[in-house]
Amino acid sequence: MVNVVAAMKPLIHGLVKLAGLSQQTVEIEPGTVMDFWAPKETKTAVNKKPNKPVVVFAHPFAGDAILMWFPQVLGLTSQYSVYVPDFIFFGGSTTSRPDRSAEFQAECLARGLWKLGVEKCTVVGLSYGGMVGFKMAAMYPELVEALVASCTVIEMTESVAHQSQKKLGISQWSELLLPETAEGVKFLFTACWHKWPNWLPDFVYKHCLQVLFSNRKEKAELLEALIVRDEESTNITSYPQRIHLLWGDDDKIFNLDLAQSMKERLGENATLQWIENAGHLAQLERPSAFNNHLKRILSSTYNS
């Protein structure tokens, strides 16, 4: 039987190419490369500066970048220069360095964007991508002019991790995010959705297991490096950028109460909006609603 998940990739890639993006590999440094979907004109001109406001989509841990963000790419490329990177050990991105921290991911992303001619951008980060986005906003305020953080936390402290894991009935993140069985894949999708279609046949989960969870050892190391001891937390809550929190109202991993608490900590420079009947992967479950919220946020950033 043809793997239906693998068969979807060429279709999604074709649609994204029609929207004006091309797949590019950027050498960050010797031994470290990062894959980007970027405006196709950047492929033919070194350091060509984008001619529209730049939006960078930072993906969650559940899959490669373009699979997670293609509805947003198709919805935004007419108005914005869109960049969709694969983090290190996702897609074709890799490194020979031992660093597995979110700070390293933020550094690689920033350096890759600079090499593609980007000087300023808005980062849209979901879950793991949001945590990297917060690091990037703190480390490179001259690059990140606004951050849209969706279904995420500023950093994954031990207490936040324990609280979320207890709700999900897991002892470590790899149980959820690096499933080893088809049943584990189903559990992941059910946890990330408001209403997951349980009628899907088992072979779909088996096909997902074959395609979506490569580089398991390195990804487990990324998850381990993500946890910050409470006493070592940087506890940064003041950012020069506007921070826009965009949530699914039924996020079972980082719930809306956590989002409201984050907004209070971030202060007047933060906004909070939520999407009804949406879970952790709201950008896929309710893409039109997510895009409408995102377009209003971006319009307020670039037209105010």
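**A lysine and its surroundings**

Mentor: Lys 135 lies in helix H4 (helices are DSSP runs of H or I with at least four residues, strands are E runs of at least two, and both are numbered from the N terminus). The model is predicted, so local features need pLDDT of at least 70 and side-chain atom pairs count only at pLDDT 80 or more, whereas totals for chains, interfaces and linings use all residues. Residues are numbered from 1 along each chain as its sequence is written, and side-chain values use heavy atoms, with hydrogens and water left out.

Lys 135 has a relative accessible area of 13% and is therefore buried (buried is under 20%, exposed over 50% and partly exposed in between, with a 1.4 Å probe and protein chains only). Leaving aside residues up to four places away in sequence, Lys 135 touches Ala 102, Glu 103, Ala 106, Glu 155 and Thr 234 (contact means heavy atoms within 4.5 Å).

Met 136, with residues up to four places away again not counted, touches Ala 106, Leu 109, Ala 110, Leu 113, Val 123, Pro 141, Leu 143 and Val 144. In the largest nonpolar core, which has 109 residues, Met 136 is among those with the most contacts, together with Val 84, Leu 113 and Trp 173 (such a core is a set of buried Ala, Val, Leu, Ile, Met, Phe, Trp, Tyr and Cys residues joined through side-chain atoms within 4.5 Å). In soluble globular proteins, nonpolar side chains tend to be buried together.

Trp 114 and Tyr 140 form an edge-to-face pair, 5.3 Å centre to centre with 90 degrees between the planes. Trp 114 belongs to helix H3 (residues 102–115) and Tyr 140 to the loop between helix H4 (128–139) and strand S7 (144–150), so this pair ties together parts 26 residues apart in sequence. Trp 114 is partly exposed at 33% relative accessibility, whereas Tyr 140 is buried at 14%.

Trp 173 and Phe 254 make a tilted pair, with ring centres 6.4 Å apart and planes at 55 degrees. Trp 173 lies in helix H6 (residues 173–177) and Phe 254 in the loop between strand S10 (242–248) and helix H10 (256–266), so parts 81 residues apart in sequence are tied together. Both Trp 173 and Phe 254 are buried. Finally, one aromatic cluster is formed by Phe 61, Phe 87, Phe 90 and Tyr 128.

How values were computed: Phe/Tyr/Trp six-rings, centres within 6.5 Å; stacked < 30°, edge-to-face > 60°.
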